[in-house]
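Please take a look at the sequence and the model before reading on.

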Amino acid sequence: MLTKYRFKTQITWLSTGLILLTVLSLTASYWFRIADYAEQQIKQQFNFAENVLNQNLITQEKMLITAASVLAADFGFKQAVASQDKNTIDSVLLNHGERINADLMMLLDLTGNLITTSASKTLSLQAVTEGIQSLPFRNVHAQFLRIDNEVYQVIVLPVKAPRVIAYTVIGFEFGQTSLVELKDMISLDISIVQREKILATTMKSQYSPEQIMQEAIAPPSNILLSSADYYHQVRPLGNSKTLSVLLSASLVRIHHDFNQLISSILFIALFVIVIAIALSRLLSNGLSKPLNILMNLTQRVGRGDLVIPKLSGDLPREFTELYQSFSVMGAEIENREKAIKYQAERDLLTGLYNRQKMLQSLEETTTYSKQSTLVAFNIKDFKTLNDTIGISNGDKILQELAHRTFHYLGPLSAGDVNVIGVARTGADEFLVAIDTISTDYIAKFLTHLQSELDRPYWVSDIKINLSLYFGIAQFDEHISIDAEHMIRRASMAVSAAINEQVTVRYYQQGEDEAYMYKLSLIDELKSALEAEDSPLFMNYQPKLNMATGRVDKLEALIRWINKEGDFVNPELFVGLAEKAGLIVTLTRWVILHVVKQIEHWNLQGYTFKVSINLSAQDIQHDTFVEYLLDTVAAKQVEPQQITLELTERDLAENENLVASRLSYLKSLGFQISVDDYGIGQSSLAKLKHLPVDELKIDKCFILNLDKNKQDQDIVMSTVLLGHRLGLQVVAEGVETAESLALLDEYKCDYAQGYYLSKPLSAEKLIEWYECYETTT
Ligand code: C2E
Ligand code: CA
Ligand code: CA
């Protein structure tokens, strides 16, 4: 809750609060202690007063007893009483009374009737008689006698001659005067009370007896809290049963003293509070100033301003240390930011821009300079090179290449041409952007760059020569495409250079559209592979067994009619599927449909062997073999009915793995065929070590076989060599009877081609087959 207040206010409140708390608790504790103490004091005073009073009464009693005894023993007095000589009695009483200053002398007959009296005051006879009636006669002690409003301490003694003949009463008045005397002695006001009624008192007349009695009956629980001026207590008066004394101690002085004490405490507290406020202001200023400095500092850091100013002024040491840690932190953040920025923008291997940063630079530049040329270049067969010399050596080459490019470009920026950026955008894909489209300049630029990069590279004492492919895309104000698109054009140009085996290739108009078309085809193919009612289907092309003249083998070929109803070239979409990582899915689709079809034919009594085309990725895929076996096992199809066709190039990739998997499949009865044989680089000697059953001579040697002598030689010798290696030989692309005849002559095992039949749908194939069987 405190947190919403400022620091200064908090400290001030805290110190003031603490002081107030101390003062209040001190005061409260004083209050109770002092009240207690004062009450004890008063009670002691009361005890003392009671003692004095009793002492006084006892002294007077003794005097009364003596006087009375002397009187009672006075013979003349006895005679006078016996003879009822009133005059003598009166004078004797008076004499004796005066001797001890008695205030009351009386003589009573045996029944208690007043015979005679002498008193310092005039008393009504009736009052005296009433008073006497309440007096116990046979008591040797002094007693109190109330007559009207006067109280007397009296002693009653029998007058014996020798029988009791009368009673004599001698007393001292216990009234205002004696009370005042007593008050002087005990320093307390004193009142005589009979049944809650005050008979005599030393209290000033301003206090009404009713008020006094009320206060006496309900004494305050704490004398300091009471508003009354007096504290009273009732004490017994001698042995009297009806009378008592009320002692009253004045509280005025105590109240006064106490109030003075409280005022001085409060005054001191106030004084201390003022000092505390002043001190806490000072203290909080001392603290809040550094805090404000730190607050401003963190706000600065928050805004990204990491340059931390020097600290000035005299500040506490802890704070200076804290401030210094902040400075260090700022510097560290700055370094880290730089590092993060570097990592976000750079290719970490070469230190060149990464693709993202290149995009950004291109976007920034093309907003003011509309002319730019992008030169993309790749290393020929870098993957193979990497495999041969090892990844770390490959990395060294890339670094060296980046270094040369960067240093060749360095001086360029100083001239008329600006380098927008140099980036590595992929494993061996580099990109240079410059802000000119001058053909002459670009030609010179390329020549120099090439000569710089073509120099041999040395890694671990091995000399390596690189071949590079360059792709160029140019942009001016008429071409409004974004940076991403620009980079794509340049890399398309490199891809084309690689495909076409030319060193430098410019982007050509329309390649974009072709690219987009391919992208859309990939998308469509994806859904086609997932669709229930797929637009994909299989065709089957018969293979003629030359020895028997019968058709016992087929090749399964995939077909696709796209959304627009166009036939899509399988070579095109199979190639795209390979690049887009869809080929494995596609081959599974093919395997499933072909195996189903074979089973269907088996059940109808047609037992064909069918070839399925695979790609390198298929056979290398972890679950391919499992999938093939499961699919075949689930249908009534024998592995012997299935031939797997792979091209020479597919067989060369990851050779050991491919060979071991094919061996396994071969051992289960599957047949392996080398497709498009003759156009790849592999030799027959290499094929010897591969688990192969069949060679398919590429159709480029067969299509013109009947007319081309060279093809005839090649085909003839290939058939011969194939047989020597124990392989069956298939010729595909047989379009004429003449070619077929030649193949028959060469003892080629199978012929496949339009001459026999184009690839047909499953139903059409059966129709064709039935027809073929009947006509031959
Ligand atoms: P391929 O495996 O070499 O298939 C043989 C190709 O030669 C087929 O072309 C076939 O129609 C064609 N052909 C057969 N006889 C003749 C002829 O007498 N004259 C001419 N000019 N051509 C003939 P298609 O069906 O267009 O297939 C092209 C390529 O697409 C195939 O070449 C194969 O590489 C690929 N392909 C086709 N279907 C599949 C498939 O299911 N899976 C895979 N991975 N690739 C396939
Ligand atoms: Ca084939
Ligand atoms: Ca082929």
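What follows is a set of questions on the ligand site and on a few individual residues.

This is a predicted model, in which local features need pLDDT of at least 70, side-chain atom pairs count only at pLDDT 80 or more, and totals for chains, interfaces and linings use all residues. Residues are numbered from 1 along each chain as its sequence is written, chains are lettered from A and ligands numbered from 1 in the order in which they are written, and side-chain values use heavy atoms, with hydrogens and water left out.

Q: How many residues surround ligand 1?
A: A residue is near a molecule if one of its heavy atoms lies within 4 Å of it. The closest residues are Arg559, Asp675, Lys699, Glu735 and Tyr754.

Q: Which side chain has an N or O atom 2.9 Å from an oxygen atom of ligand 1?
A: A polar contact is a pair of N or O atoms within 3.5 Å; within protein, one must be able to donate a hydrogen and the other to accept it, and residues adjacent in sequence count only if both atoms are side-chain atoms. Gln541 has a side-chain N or O atom 3.0 Å from a nitrogen atom of ligand 1, and a polar side-chain atom of Glu732 lies 3.4 Å from an oxygen atom of the ligand. The 2.9 Å distance to a ligand oxygen belongs to Arg559.

Q: Which element gives the most residues to the shell around ligand 1?
A: Helices (H or I, at least four residues) and strands (E, at least two) are DSSP runs, numbered from the N terminus. Two or more shell residues come from each of strand E18 (550-560), helix H15 (570-579) and strand E21 (671-677). With 4 residues, the element that gives the most is E18.

Q: Is Ser191 buried or exposed?
A: Ser191 lies in strand E6 (residues 189-194), and its side chain makes a polar contact of 2.7 Å with that of Thr201. Buried means under 20% relative accessible area, exposed over 50%, and partly exposed in between (1.4 Å probe, protein chains only). Because its relative accessibility is 0%, Ser191 counts as buried.

Q: Which residue in E9 is the bridge partner of Val234?
A: Two strands pair if DSSP finds at least two bridges between them. Strand E8 (residues 230-236) and strand E9 (residues 243-250) pair in the antiparallel sense over 7 bridges. In E9, the partner of Val234 is Leu246.

Q: What distance separates the C-alpha atoms of Leu64 and Leu644?
A: Leu64 is found in helix H1 (residues 7-73), and it counts as buried because its relative accessibility is 0%. Along the chain, Leu64 and Leu644 are 580 residues apart. Their C-alpha atoms are separated by 155 Å.

Q: Where does Gln501 lie?
A: Most residues other than glycine have a negative phi. Gln501 is a residue other than glycine with a positive phi near 55°, and at 55% relative accessibility it counts as exposed. Gln501 lies in the loop between helix H13 (483-500) and strand E16 (504-506).
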